[in-house]
Amino acid sequence: MSIQDKVISIIAEQAVLEPSDVSPDSTLEDLGIDSLGLVESIFAIEEEFDITIPFNANEPEQSDFDISNVAAIIAGIEKLVSEKAS
Amino acid sequence: MKRVVITGAGTINALGHSVPDTFEAMREGRCGIGELDFRDVDRLTIKIGGQVHGFEAEGRFNRQQMTLYDRFTQFTLTAAKEAIEQAGIEFIGDDAARSGVVLGTAGGGVSTWDDNYRSVYEDGKNRVHPFVVPKLMNNAAASHVSMEYNLKGPSFTVSTACASSNHAMAQAFAMVRSGMAPAMVTGGSESMLCFGGVKAWEGLRVMSKDACRPFSANRNGMVQGEGAGVFVFEEYEHARKRGAEILCEVVGYAMSSDASDIVMPSKQGAARAMAGALADAGINRDEVGYINAHGTGTAANDKTECAAVADVFGPHADNLMISSTKSMHGHLIGGTGAVELLACIMALRDGVIAPTIGYEEPDPECALDVVPNVAREAQIDVALSNAFAFGGLNAVLALRRV
């Protein structure tokens, strides 16, 4: 499974949707994921890839991690995973 | 209905080991938050807190007591001693039989859990000390206060997360006001600053890595603290007969439940608690000069709390002062309302309003007089103390100058 597929499956599980219902341009709001769901998704992604995502719920827009839509989240995780490998 | 006054106050927290030291720090706008110092702190993402330093159990308690007292109990007994000595009250005869202890704590003996889990899971030991249970139980502190001071009436512990102390003090107030008890020892304590205690909070992603800046536009989360606040709530005539010094009067309270979300605060729930406390005390809203805010420094709490204040107080919201002393001592979780009640006592008795320190940028969603950075002299007659807990459980106390 690619990083993209793994992330989509984690987000889909959180949103109680099929992975096919989650598209790269979906926002978390579109998917019905609230603040607690977001924190849980981030935790699940960190566990899956053994990375640390710099995310503070108080200043999501200032965190060094873009959560504006699924594609942005995937890009951020791909970057963190490649940084970890290097 | 009896009148209820506060005749003794005690504390230990990151700002000081006594009430006079804490008042001095609040007047000076000193920050008690700094680098955390305990085992495995290097494995934490959040490394700051309002930790109590220079507190040694050795010398204060004997060996037998130390095997029974978790740090939250040690804090409680230290604060209770100061409060009861100041009140000069002795519990004997009928007073002893009817007076009790109601305290708040969210976690109880967290470091006892932490140490013993480490011992059995990490170190692989198969045996723990025989007193683990009586040391960690949430009511341990209340029980030891009752034993130490011969309090034989109703005693128990209230646990409502960040509102624990306010719920406890509201309960103690109601018991004295109804005539059920001539006096109650009340307040709360918390000691979660250990590896497991901070690690659990990290998980929620609401903690700041650098500072607690309530109401400031650049706030980025809460900072944990630790310590205790303990008070003697006494029936007014009982206190007068003894010639006790009265610090202030407790005039009302209200509790409400948001019944909506397990972590997100609700404006309506907070507003109902504040309005309810005013109604219970028979106070007009324009009499309120100061509110000690819940003011956690999170994005969600501070704007919700300010909106609730604006709803309840209308145009008077712009005339009153509201500050969060969590910026100085951190968030004591279940003990926080007790330590924050001190700021109300200082405002009413000494005419000094504790500041909200760390305030850097105005936030249009928190456009109230938050007493930024510097304490202020002002004579006020009525103060409120807010506490709004996770789980949507709120408790607000109303106090009056005597």
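Student: Helices (H or I, at least four residues) and strands (E, at least two) are DSSP runs, numbered from the N terminus, so in what order do the elements of chain A run?

Tutor: From the N terminus on, they run α-α-α, and the secondary structure of chain A comes to three helices and zero strands. With a radius of gyration of 12 Å, close to the 12 Å that the globule rule gives for 86 residues, chain A is as compact as a globular protein of that length. That radius is taken over C-alpha atoms, and the globule rule is 2.2 Å times the number of residues to the power 0.38. This is a predicted model, in which local features need pLDDT of at least 70 and side-chain atom pairs count only at pLDDT 80 or more, while totals for chains, interfaces and linings use all residues. Residues are numbered from 1 along each chain as its sequence is written, and chains are lettered from A and ligands numbered from 1 in the order in which they are written.

Student: Okay, and how much of chain A is buried?

Tutor: Buried residues make up 23% of its 86 residues, where buried means that 20 or more other C-beta atoms lie within 10 Å of a residue's own, exposed means 12 or fewer, and partly exposed is in between, with C-beta atoms placed from the backbone. The C-alpha trace of chain A spans about 35 × 30 × 20 Å along its principal axes.

Student: What about chain B, how many helices and strands?

Tutor: Chain B comes to 14 helices and 14 strands, and 59% of its 402 residues count as buried.

Student: Which residues in α12(B) are buried?

Tutor: Among them are Ala299(B), Asp302(B), Cys306(B), Val309(B) and Phe313(B). The cover over the buried residues of α12(B) includes α11 (267-281), β9 (288-292), β10 (321-323) and β13 (382-389) of chain B. As for its length, α12 (residues 299-313) of chain B has 15 residues and reaches 22 Å from first C-alpha to last, close to the expected 21 Å, the expected span being 1.5 Å times one less than the number of residues.

Student: Switching topic, at what angle do the axes of α5(B) and α9(B) cross?

Tutor: The axes of α5 (residues 110-122) and α9 (residues 195-204) of chain B come within 8 Å and cross at roughly 100°. Such axes are lines fitted to C-alpha atoms, for helices over the stretch in contact, and angles run from 0 to 180 degrees between N-to-C directions. The two helices, α5(B) and α9(B), are therefore roughly perpendicular to each other, given that angles under 35 degrees count as roughly parallel, over 145 as roughly antiparallel, 65 to 115 as roughly perpendicular and the rest as oblique.

Student: Which residues in α5(B) and α9(B) meet?

Tutor: Val110(B), Trp113(B) and Asp114(B) in α5(B) meet Phe195(B), Gly196(B) and Gly197(B) in α9(B), two residues being in contact if their C-beta atoms, placed from the backbone, lie within 7 Å. By class, this contact of α5(B) with α9(B) has three nonpolar, two polar and one charged residues. Here Ala, Val, Leu, Ile, Met, Phe, Trp, Tyr, Cys and Pro count as nonpolar, Asp, Glu, Lys and Arg as charged, and the others, Gly among them, as polar.

Student: What is Asn13(B) in contact with, leaving aside neighbours within four places in sequence?

Tutor: Its contacts include Thr22(B), Gly50(B), Gly225(B), His329(B) and Val339(B). Asn13(B) lies in strand β1 (residues 4-13) of chain B, and it counts as buried because it has 34 C-beta neighbours inside 10 Å.

Student: Last one, how many residues of chain A are in contact with chain B?

Tutor: Eight residues of chain A are in contact with ten residues of chain B, and the residues on the chain A side divide into four nonpolar, three polar and one charged.
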